[in-house]
Amino acid sequence: MKDSYRINTVLKRLVAGIALSASVSFTAEALTQDVTARFRPDSANPLMNKFENTTPLSAICLSHMPQRCKDLNIFSIEDRAFKANSNSPILPGADLRNAAMFKVPSEWRTLYVTHETTGEVEPVEFRIAGIGHGWQLDRPPGVGGWTLPGQNWSSRWINPPAPCQGTGYLPAGSAYATFFWIVPEGAGACGLAPGVEIPRLVYVSLQYAYELRTPNPLTMSSGQYTGSITYTMGPGQDFDFGDVMIPDDSQYTFNFTLDVQHTLKVEVPPGGNHIDLIPQGGWQAWLNQGRKPTRLFRDQTFNISSSSRFKMQMECQYPTGDTCGLEDEAGNRVPLQVLVTLPNGLTHEDDSPVNRQPLRLSGSGTELFKPGFYVDRKPGALHFEIDRDDVSQMLDRTAATYKGDVTVIWDSEV
């Protein structure tokens, strides 16, 4: 019994020790940045159907050169969580990889964002379009360590070597500075070697600009789409600062949220929900001259605002085949034809105009309408008709009133 107790006690301690050792782990976290954009139709500018970048700006696009950033369609961010340190002195005349080197993923890359509810997937293109740092070094040599014969240290940082482009931005002190350079699409590395040995260099922040290409919001569903892209950091990686400057983090992840806020609004004039069908020119020709009308009809206008795809459906009090019907007190029923005409800018899937398109209970023919641009309070029409043969049957019967409810539905859940 003692041996059994001793064995059980050892096993319990062993299991506890295994559980404890298994729970100890270390995870390196990547730097992250949220990128947000929103589409909301603007009645003041209905032809501007693009996403608006809603990521809060920092760095140069916020204060130093907002108009140039707008012209270049770039947005700037400062990340003070980023740090990089030199692993050896930087020598005068050093080759680029052993100097202050900067190479960023300036080529376009594609990521995919997914609708949080429907699972629809859309492509987004993204690239890094500018690079900057706050840097510090020992004094001596201080900032003058970057001076070359005939070249002041500050002019070298303000006017970088190709392929990078200067921005005129260089707040500085005796042993620190902050710079920012524009990086053209697909550009390679650029950088500087000092004029004297720099024993230690530190990057205390990362600044960058990005450019974004978003999908056509008019083809997207309302709601939020999310996705991410991760870049590597370090020597020979996506963000490459050479072989001397080693960043603390090895990855940089961008998390994207695209918010689509569509408009679909239909306005029917007061009283427009009550439809009286009459012949062309009214009933006088029949009452006075005995001429039977060939059809009964009424066109009801409406105003529609739409930035999204939609479908149209119909519900009936008296279904008749694939359409609605009207019925008299005796139960006699005639089919009612309901058609729709939509304004310019709203088309079928094949881009053809929507002109007197029949509405069916099956939804056939009205499964998808799409905007070519944001349509803002433009007039359309519903056409209600009873065909010639059915009108003749109605008039051959004892005078009666035909009635029925028809519900027309504009549905953005396509």
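**Pockets, cores and backbone features of the predicted model**

Pro163 is located in the loop that connects α4 with β8 (165-166); helices (H or I, at least four residues) and strands (E, at least two) are DSSP runs, numbered from the N terminus. The model is predicted, and therefore local features need pLDDT of at least 70 and side-chain atom pairs count only at pLDDT 80 or more, whereas totals for chains, interfaces and linings use all residues. Residues are numbered from 1 along each chain as its sequence is written, and side-chain values use heavy atoms, with hydrogens and water left out.

The peptide bond from Ala162 to Pro163 is cis, with omega near 10 degrees. A cis bond also leads from Pro140 to Pro141, again with omega near 10 degrees; Pro141 belongs to the loop between β7 (121-137) and α4 (153-158). Most residues other than glycine have a negative phi, and most peptide bonds are trans. Positive phi values occur at Asn73, near 60 degrees, and at Arg377, near 50 degrees. Asn73 lies in the loop between α3 and β3, while Arg377 is part of strand β24. Asn73 counts as partly exposed because its relative accessibility is 36%, and Arg377 does so at 44%. In these terms, buried means under 20% relative accessible area, exposed over 50%, and partly exposed in between (1.4 Å probe, protein chains only).

Rolling a probe the size of a water molecule over the atoms shows where empty space is left. A pocket is an open set of points on a 1 Å grid over the protein atoms alone where a 1.4 Å probe fits, with protein on both sides within 12 Å along at least five of seven lines; lining residues have an atom within 4 Å of a point. Grid points are joined across faces, edges and corners, and a volume is the space filled by probe spheres set on the points. The largest pocket holds about 990 Å³. Its lining comprises 33 residues, with Ile275, Asp276, Leu277, Leu326 and Tyr402 nearest the centre. Two or more lining residues come from each of β16 (296-306), β24 (375-386), α6 (388-396) and β25 (406-411), and β25 gives the most, with four. The lining contains 21 nonpolar, eight polar and four charged residues; Ala, Val, Leu, Ile, Met, Phe, Trp, Tyr, Cys and Pro count as nonpolar, Asp, Glu, Lys and Arg as charged, and the others, Gly among them, as polar.

The second largest pocket has a volume of about 540 Å³. It is lined by 20 residues, of which Phe51, Glu52, Asn53, Asn73 and Phe75 are the closest to its centre. Helix α3 (66-72) is one of the elements that supply at least two lining residues, and its four form the largest share.

Strands β3 and β11 run antiparallel and are joined by five bridges, where pairing requires at least two bridges found by DSSP. Within this pair, Ile77 is bridged to Tyr208 of β11.

Tyr208 is also among the residues touched by Phe254, counted beyond four places in sequence; contact means heavy atoms within 4.5 Å. Phe254 is one of the residues with the most contacts inside the largest nonpolar core, which has 56 residues. Another core, of 29 residues, lies apart from it and includes Leu326, Leu382, Leu395 and Val408. A nonpolar core is a set of buried Ala, Val, Leu, Ile, Met, Phe, Trp, Tyr and Cys residues joined through side-chain atoms within 4.5 Å.
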